[in-house]
Amino acid sequence: MIFDPAWEAIHADRHWGSWPDEDLVRFVGRNYFRFHARHHFDFLDLGCGAGGNARFLATEGFSVTGIDGSKSAIERCFNWSTSKSKRWMVAPQFLVGDITKLPPREFDCIIDICSIQHLSRDDRKIAVEAAADALKPKGRMFAKMLHFASHGDLGAPDEPKAATVTSAEIHRIYSAFDFALFNTQYQRAHPRLGGVKQTIKHYLIEAVKR
Ligand SMILES: C[S@@+](CC[C@H](N)C(=O)[O-])C[C@H]1O[C@@H](n2cnc3c(N)ncnc32)[C@H](O)[C@@H]1O
């Protein structure tokens, strides 16, 4: 797999993904906020970018590893997690790496917030299989991917295009999981495209390893 250098250029130049995804916040709240010893619960964040989602999980007391191909993104996450004001039960870990080749560890939950969608069709399947291998038995995966009706993310010209997915592809790549599919949709005025209005639609995937 070849990491698209456009991501490094983006992360070196601006903050992308510094805030947690609202659908992830709801998923974590519904499923895991009742846990007391949260630091015993291991999350892996695939394509963590500047770390908005990993920061949310770590701040809520969970144990988190974030992986991204961009050195600048990981440096930003690392600087945040090692700043003097932080006191961790388990310090978050951030790794420069490829999301189709995961660390040899077993996680309780793996999240993919709009990262795997940017890989080739073949690599999307490899990445989800790698995630299944890196989960404990009955481990969970929460993912967000662009819905085919979204016509791509229609980002600015210097941004990598995301492929949209169909439910048939999700069934193909998630064959090691039982899962439920949901849709979300919102409108945005893209600031870097002169405020052009876009409708963005995603699949949310809540999956349990068989
Ligand atoms: C759309 S951004 C999403 C970032 C983050 N998950 C968020 O919600 O803000 C996609 C991320 O995937 C990373 N990425 C793309 N291909 C990758 C690969 N093969 N291995 C590791 N990271 C990758 C990019 O560097 C980028 O940070």
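Analyst: With the core. In soluble globular proteins, nonpolar side chains tend to be buried together. This is a predicted model, and its largest nonpolar core has 44 residues. Those with the most contacts inside this core are Phe-43, Leu-46, Ile-110, Ile-111, Ile-116, Ala-131 and Met-141.

User: Which strand gives the most to this core?

Analyst: Strand 5, with six residues.

User: What does Ile-110 touch?

Analyst: Leaving out residues up to four places away in sequence, Ile-110 touches Leu-44, Leu-46, Ala-131, Ala-134, Leu-135 and Met-141.

User: How do I read the sheet?

Analyst: Strands of a sheet pair through backbone hydrogen bonds, either parallel or antiparallel. Here seven strands form an open sheet in the order 3-2-1-4-5-7-6, and the pairing is mixed. Strand 3 (93-96) and strand 6 (177-190) are at the edges with a single partner strand each, so one side of each lacks a neighbour in the sheet. From one strand to the next, the twist averages 15°.

User: In which sense do strand 4 and strand 5 pair?

Analyst: Parallel, over six bridges, between residues 107-113 and residues 135-146. Cys-109 stands opposite Arg-140 in strand 5.

User: Which helices should I place on the sheet?

Analyst: Take two. Helix 2 (residues 22-32) lies across strands 4, 5, 6 and 7, at about 155° to strand 5. Helix 3 (residues 52-59) touches strands 1, 2 and 4, and its direction makes about 170° with that of strand 2.

User: How many residues surround the ligand?

Analyst: 20, the closest being Trp-7, Gly-17, Gly-47, Gly-49 and Gly-69. The shell divides into eight nonpolar, nine polar and three charged residues.

How values were computed
Residues numbered from 1 in each chain as written. Predicted model: local features only at pLDDT ≥ 70, side-chain atom pairs only at ≥ 80, totals over all residues. Near = placed C-beta within 6 Å. Nonpolar A, V, L, I, M, F, W, Y, C, P; charged D, E, K, R; others polar. Pairing = 2+ DSSP bridges. Helix = DSSP H or I, 4+ residues; strand = E, 2+ residues; numbered from the N terminus. Axes fitted to C-alpha atoms, helices over the stretch in contact; angles between N-to-C directions. Contact = placed C-beta atoms within 7 Å. Core = buried A, V, L, I, M, F, W, Y, C linked by C-beta atoms within 7 Å. Buried ≥ 20, exposed ≤ 12 C-beta atoms within 10 Å, placed from the backbone.
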